[in-house]
Amino acid sequence: MYILYGIKNCDTVKKARKWLNENNIAYRFHDFRTDGLTSEQLAHFAAHADWNKLLNRNSTSWRQLSAEQQADLTQNKALQLMLEMPTLIKRPVLDTGDQIIIGYTAKDSGYAASLSGTGAGIARDGVYVASPSETGAGIARDGVYVASPSGTGATKTDSYAAIPDAKS
């Protein structure tokens, strides 16, 4: 499953999430502010993408840094700054498992040039779940896949009445 990293109130992240949802692409959303950022996650980003593209020099966070913090930037120094202040990371970051895609633009049909999504799903608790088959649909409850009781799939994110709780 893809992981989309960002901040939930960021307009660009909202657009990326909307595009992924509309195109039935399974992903889990990781909010830097609420879920944090580990050095391992950041190292993974840097291993698969140019750290210069990962660092958002146009952000408010960058402008708030001192001239000393911005000067003589190396990869290690930049990664340390991003680890301390994840809002320095250009958003969103989409981890497909095979690649890291930094940023999002509606131009060129969003992620269409980089992704080919299949399946359908329903979002709940920050997880958008792919269906187990291209014709099915499902609902995630607290990160657990719950099959549609009718086998025909559900169509609304707020319609859970007929779905049993996955924890019971």
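**Close-up views of a predicted model**

Tyr5 is buried, with a relative accessible area of 4%; buried denotes under 20% relative accessible area, exposed over 50% and partly exposed in between (1.4 Å probe, protein chains only). The model is predicted: local features need pLDDT of at least 70, side-chain atom pairs count only at pLDDT 80 or more, and totals for chains, interfaces and linings use all residues. Residues are numbered from 1 along each chain as its sequence is written, and side-chain values use heavy atoms, with hydrogens and water left out.

**View A. Aromatic pairing of Tyr5 and Phe45.** The structure holds four aromatic pairs (rings of Phe, Tyr and Trp, the last by its six-membered ring, with centres within 6.5 Å; planes under 30 degrees apart are stacked, over 60 edge-to-face, the rest tilted). In one of them, the ring centres of Tyr5 and Phe45 are 4.8 Å apart and the planes lie at 75°, so the pair is edge-to-face. Because Tyr5 belongs to strand 1 (residues 2-6) and Phe45 to helix 3 (residues 39-48), the pair ties together parts that are 40 residues apart in sequence; helices (H or I, at least four residues) and strands (E, at least two) are DSSP runs, numbered from the N terminus. Phe45 is buried, with a relative accessible area of 0%. Tyr5, Phe32 and Phe45 form one aromatic cluster.

**View B. Tyr104 and Tyr111.** The rings of Tyr104 and Tyr111 are edge-to-face, because their planes are at 65°, with centres 4.9 Å apart. Both residues, Tyr104 and Tyr111, are buried. Beyond neighbours within four places in sequence, the contacts of Tyr111 include Leu4, Trp19, Leu20 and Ile101 (contact: heavy atoms within 4.5 Å).

**View C. The largest nonpolar core.** This core has 37 residues, and Leu20, Phe45, Met82, Tyr111 and Leu115 have the most contacts inside it. A nonpolar core is a set of buried Ala, Val, Leu, Ile, Met, Phe, Trp, Tyr and Cys residues joined through side-chain atoms within 4.5 Å. Elements giving two or more residues to this core include strand 1, helix 1 (11-22), helix 3 and helix 7.

**View D. Charges over rings.** The charged end of Arg17 sits over the ring of Phe29, 4.1 Å from its centre, and Arg57 lies over the face of Trp62, 5.7 Å from the ring centre. The criterion is NZ of Lys or CZ of Arg within 6 Å of the ring centre and within 35 degrees of the ring normal.

**View E. The loop residue Thr74.** Thr74 lies in the loop between helix 6 (67-70) and helix 7 (75-84). Thr74 is partly exposed, with a relative accessible area of 41%. A polar atom of the Thr74 side chain lies 3.1 Å from the backbone nitrogen of Lys77.

How values were computed:
Polar contact = N/O pair within 3.5 Å; in protein donor to acceptor, adjacent residues only side chain to side chain.
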